[in-house]
Amino acid sequence: MNKELISKYMPRWFNGCYAFLFGYFWLPCPLCGKKFGGHECSDGNEVMLSYGEGQCVCPKCGEEAKRINKKNNYFIPRITKTLINN
Ligand SMILES: [Zn+2]
């Protein structure tokens, strides 16, 4: 089953079991404090602590993390296809 679908449509207790069974962390979100699993981390859902160092946030806080990163002038570096090919 797709991790994104589990995160979006399954209840929190199921996500906790999924994290436990498949070896993902199950920790409080640094922004809202609600527990979420490592399988729910996705691209861009991180709040940057410094350049190159970020902390994953729960799916609901993704937009808030982006706003904080923008306010602090941090961006999440992405390796583009152009960089890899050159
Ligand atoms: Zn959160």
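Which residue in strand 4 is the bridge partner of Glu46? In strand 4, that partner is Cys56.

## Model and numbering

This is a predicted model, in which local features need pLDDT of at least 70 and side-chain atom pairs count only at pLDDT 80 or more, while totals for chains, interfaces and linings use all residues. Residues are numbered from 1 along each chain as its sequence is written.

The pLDDT is the predictor's confidence in each residue, from 0 to 100. The chain averages 86, and 86% of the residues score at least 70. Where pLDDT is low, the predicted coordinates should not be read in detail.

## Elements of the chain

The chain holds 4 helices and 4 strands. Helices (H or I, at least four residues) and strands (E, at least two) are DSSP runs, numbered from the N terminus. Read from that end, their order is α-α-β-β-β-β-α-α.

Strand 3 (residues 46–50) pairs with strand 4 (residues 53–56) in the antiparallel sense over 4 bridges. Two strands count as paired if DSSP finds at least two bridges between them. Opposite Ser50 stands Glu53 in strand 4. The hairpin has 2 residues between the strands, and Gly52 takes a positive phi near 85 degrees there.

A residue is buried if 20 or more other C-beta atoms lie within 10 Å of its own, exposed if 12 or fewer, and partly exposed in between, with C-beta atoms placed from the backbone. Buried residues make up 21% of the 86 residues in the chain. In helix 2 (residues 12–21), the buried residues are Asn15, Tyr18 and Ala19. They lie on the same side of helix 2 because they cover an arc of only 100 degrees around the axis. The arc is that of the directions from the helix axis to the C-beta atoms.

These buried residues pack against helix 1 (3–9), strand 1 and strand 2 (35–37). The face turned away from the buried side carries the exposed residues Trp13, Phe14, Phe20 and Leu21. Just after helix 2, Gly23 takes a positive phi of about 80 degrees.

## The core and Cys58

The largest nonpolar core has 9 residues, including Cys29, Phe36, Val47 and Cys58. Such a core is a set of buried Ala, Val, Leu, Ile, Met, Phe, Trp, Tyr and Cys residues joined through C-beta atoms within 7 Å. Not counting residues up to four places away in sequence, Cys58 touches Cys29, Cys32, Lys34, Phe36 and Glu40. Two residues are in contact if their C-beta atoms, placed from the backbone, lie within 7 Å. Among contacts between residues at least 6 apart in sequence, 28% join residues at least 24 apart.

Ser7 is found in helix 1. Ser7 counts as buried because 20 other C-beta atoms lie within 10 Å. Leaving aside neighbours within four places in sequence, Ser7 is in contact with Asn15, His39, Glu40 and Pro59. From C-alpha to C-alpha, Ser7 and Pro59 are 8.1 Å apart in space, although 52 residues apart in sequence.

Asn73 lies in the loop between helix 3 (62–71) and helix 4. Asn73 counts as exposed because 8 other C-beta atoms lie within 10 Å. The phi of Asn73 is near 65 degrees, a positive value in a residue other than glycine.
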